[in-house]
Amino acid sequence: MLDVLRAVFGHSGFRAGQDEAVAAVLAGRDAAVLLPTGAGKSLCYQVPAVAAFERGRGTTIVVSPLIALMNDQVDALTGRGVAAAAIHSHQDEDDQRRVVARFLAGELALLYISPERAAMASFQRMLARVPIALLAIDEAHCLSQWGHDFRPEYLRLHELRDVVDAPVIALTATATPRVMDEIVSSLRMRAPAIVRGDFRRPNLRFEVRHLGSDAARLEAVIAACEAAGLRSRAGAGRAIVYCSTRKKTELVAAALKSAGFPAQHYHAGRTALARERAHSAFSAGRARVLVATNAFGMGIDYGDVRVIVHFQSPGSLEAYYQEAGRAGRDGDPSTCVLLFGPGDLMTQRKLAIGASTSAAVVQRTEAALAAVDRYARASSRCRQVMLCAHFTGTDDHATCASCDVCTGATDPMATGAAHVPEPAETLGADERQLVLDAVAALARPIGRVNLALALRGSRSKAVAEAALMQLPQYGALAHASQASIVATIDALIRERRLVRRGQKYPTIALPGATRERPTRDRPTRERRRSSARSEIARDLERYRRQKARELKWKAYMVFQTRVIAAIDAQRPASVDALARIAGLGPAKIARFGDDILAVVRRHATAARLI
Ligand code: ADP
């Protein structure tokens with residue numbers, strides 16, 4: 001094996017983990033290999049594959065989830081004189097036929113295939129006709145239904161064992177001890193060697209910031225990119241900002257561009273051409289910040305990613321460490337910042353559970369979210385230790401001395417107390433009927449939160465403004481929590497007993513009910529509110545709209561409505577006075593401060609003249 005490693009791959013010795021994996025396969029054992037990205041997983045099966053082929057033991061079949069990954073590997077192997085090929089859907093039929101012919105003639109040391117092809121009966125029949133030395137399953141965590149990269153076809157890979165009598169080696173960079181157990185049992189491994197590598201990344205500095213609003217998060221992203229020197233078009237280093245939704249990638253990228261950063265966004269909903277453009281701009285360094293969903297991931301390898309910011313929390317620590325682990329591959333110091341807010345885990349819960357009623361799905365999702373929550377709120381345990389412990393199941397890792405916990409720089413907003421928002425219980429049949437009756441009795445459509453408030457008997461301004469106190473059901477569900485009433489309304493929407501209307505401010509209605517428009521003699525809430533607004537607030541609104549248009553931002557990103565209210569109330573006359581207004585940081589003051597002061601001054605003068 002060492003001879004192959006040296007002669008074919010040009011390395012002088014095996015790295016930690018590779019030796020164990022190779023030895024297991026050599027002894028005819030199955031192996032489950034968990035090594036961090038960059039540790040050299042490919043050689044764990046490529047070296048035995050080449051050695052076996054040279055000894056006439058047959059071909060190694062490699063199952064890989066991405067065509068790009070297959071092509072990279074095949075190119076690299078071919079470049080080293082190894083007979084390797086792939087069959088995939090991007091090839092034309094002639095190419096596929098040529099590869100199959102080489103495979104059937106026993107000419108290939110390695111054949112890369114997709115999990116879909118591995119599950120095809122025709123392919124399995126073909127496998128039975130040729131000696132197979134080894135089965136390698138790459139990115140094996142894709143077979144975990146609870147993981148972040150689940151691929152259903154992976155669950156059928158054990159079928160290959162019925163047609164091929166060869167050891168199986170499964171490899172992944174991201175699996176908890178539980179997922180490793182799933183890999184072992186799903187692939188029907190027999191007394192496998194379990195290889196676990198060292199997951200520490202000493203050059204990465206982990207940090208968590210507790211921020212609720214998008215505006216505050218944007219400021220944090222800008223600060224992190226600024227600190228890494230990414231504002232200029234030229235220079236070394238880049239950043240990836242991960243968002244949970246496509247829409248958010250667009251918003252964040254637009255804000256970064258307006259703030260002067262060469263940024264692009266990437267998500268699976270863009271056209272292939274747009275994605276390719278964003279990717280190649282990032283590769284070539286023209287775009288130094290890429291704002292992406294997790295669609296930008298597998299197979300991505302840039303040495304000089306200096307910053308990875310998670311704009312919103314991901315749904316599991318596996319996803320987090322895999323994405324954050326793309327920073328600092330070159331070994332230079334790099335930073336991984338997780339921006340964490342109370343709503344993030346709710347979003348992830350919705351994404352993971354959706355309409356599923358499976359108790360197992362709910363349980364696994366909750367466990368994953370609780371782990372993220374514990375990580376985010378940690379105030380006494382080194383973040384690097386927490387992350388490594390999550391993968392290895394052991395706690396004996398050295399502290400990193402650089403994360404925000406080790407350096408005593410944790411965000412004071414973190415309470416330290418674990419708090420995953422409880423999934424709300426839905427209410428029983430009688431209460432559901434009451435909710436439906438209330439919707440039927442509404443004079444005009446309202447949103448679900450306001451309805452929940454009214455049913456609980458709230459005296460909030462919104463309830464009063466919509467005259468909900470007159471509703472016969474007002475206060476009838478005072479015993480229930482707001483969350484459980486909202487969850488019940490959501491359940492009724494899923495059951496199609498209620499419908500949701502509108503995008504921005506969705507309201508609820510009975511299915512088939514006619515849409516009521518606000519009549520002229522009944523002013524809408526919006527109209528009433530704006531008539532109560534002062535001139536200064538109206539001017540600031542106008543200014544905010546104009547700036548948002550210019551900068552292609554959302555209005556609240558310029559400044560929030562509460563900032564307008566505060567300016568209106570306090571009438572600041574100087575930059576110092578502006579700085580005392582919550583929600584106006586130094587960056588905003590530098591950008592908009594003079595204009596705001598001018599608006600205030602104009603009105604002060606007008607008031608004096610009157
Ligand atoms: P992984 O799949 O675990 O992310 P790769 O298999 O792509 O990692 O290997 C990462 C890099 O490490 C490659 O450039 C590879 O050539 C190099 N590498 C792997 N094994 C060794 C070794 N034993 N000695 C030196 N370099 C190695």
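**Reading a predicted model, feature by feature**

User: Let's start at the ligand. How do the residues of the shell around it divide into nonpolar, polar and charged?

Analyst: Happy to begin there. The shell around the ligand has four nonpolar, seven polar and two charged residues. Please keep in mind throughout that this is a predicted model.

User: How many residues surround the ligand, and which are the closest?

Analyst: There are 13 residues around the ligand, and the closest are G13, Q18, G38, K41 and S42. You can also read the shell by secondary structure: helix α3, residues 41-54, supplies its largest share, three residues.

User: Which polar side-chain atoms lie by an oxygen atom of the ligand?

Analyst: Here you look for pairs of N or O atoms within 3.5 Å. In S42, a polar side-chain atom is 2.5 Å from an oxygen atom of the ligand. For R15, a side-chain N or O atom lies 3.2 Å from a ligand oxygen. H11 also has a polar side-chain atom by a ligand oxygen, at 3.4 Å. As for cover, the ligand on its own has 570 Å² of accessible area, and the protein covers 66% of that.

User: Now the cysteines. How many disulfides does the structure hold?

Analyst: The general idea comes first: a disulfide is a covalent bond that joins the sulfur atoms of two cysteines. In this model the count is zero. Take C225 as a case: its nearest cysteine sulfur belongs to C243 and is 11 Å away, and C225 is in no disulfide.

User: And C400, how far away is the nearest cysteine sulfur?

Analyst: For C400 the nearest cysteine sulfur is that of C382, 3.7 Å away. The cut-off for a disulfide is 2.5 Å between the sulfur atoms, and C400 is in no disulfide.

User: Are C225 and C400 buried or exposed?

Analyst: Buried means a relative accessible area under 20%, and exposed means over 50%. C225 has a relative accessibility of 0%, so it counts as buried. C400 has a relative accessible area of 19% and is therefore buried too. Across the protein, buried residues make up 51% of the 610 residues.

User: How should I compare distance along the chain with distance in space? How far apart are A478 and S458?

Analyst: Read the two numbers side by side. A478 and S458 are 20 residues apart in sequence, with 8.6 Å between their C-alpha atoms. A478 sits in the loop between α19 (461-465) and α20 (482-494), and it is partly exposed because its relative accessibility is 45%.

User: What about R549 and G593?

Analyst: R549 and G593 are 44 residues apart in sequence, and 18 Å separates their C-alpha atoms. You will find R549 in helix α22, residues 535-551. R549 has 61% relative accessibility, so it counts as exposed.

User: And A136 with L455?

Analyst: A136 and L455 are 319 residues apart along the chain, and their C-alpha atoms are separated by 58 Å. A136 belongs to strand β5, residues 132-137. Its relative accessible area is 0%, so A136 is buried.

User: Where are A191 and R571 found?

Analyst: Both are in loops. A191 lies between α9 (177-186) and β7 (193-196), and with a relative accessible area of 58% it is exposed. R571 lies between α24 (561-570) and α25 (575-579), and at 41% relative accessibility it counts as partly exposed.

Key. Residues are numbered from 1 along each chain as its sequence is written. This is a predicted model: local features need pLDDT of at least 70, side-chain atom pairs count only at pLDDT 80 or more; totals for chains, interfaces and linings use all residues. Side-chain values use heavy atoms; hydrogens and water are left out. Buried means under 20% relative accessible area, exposed over 50%, partly exposed in between (1.4 Å probe, protein chains only). A residue is near a molecule or strand if one of its heavy atoms lies within 4 Å of it. A polar contact is a pair of N or O atoms within 3.5 Å; within protein, one must be able to donate a hydrogen and the other to accept it, and residues adjacent in sequence count only if both atoms are side-chain atoms. Accessible areas come from the Shrake-Rupley method with a 1.4 Å probe; for residues, only the protein chains shown count as cover. Helices (H or I, at least four residues) and strands (E, at least two) are DSSP runs, numbered from the N terminus. Ala, Val, Leu, Ile, Met, Phe, Trp, Tyr, Cys and Pro count as nonpolar, Asp, Glu, Lys and Arg as charged, and the others, Gly among them, as polar.
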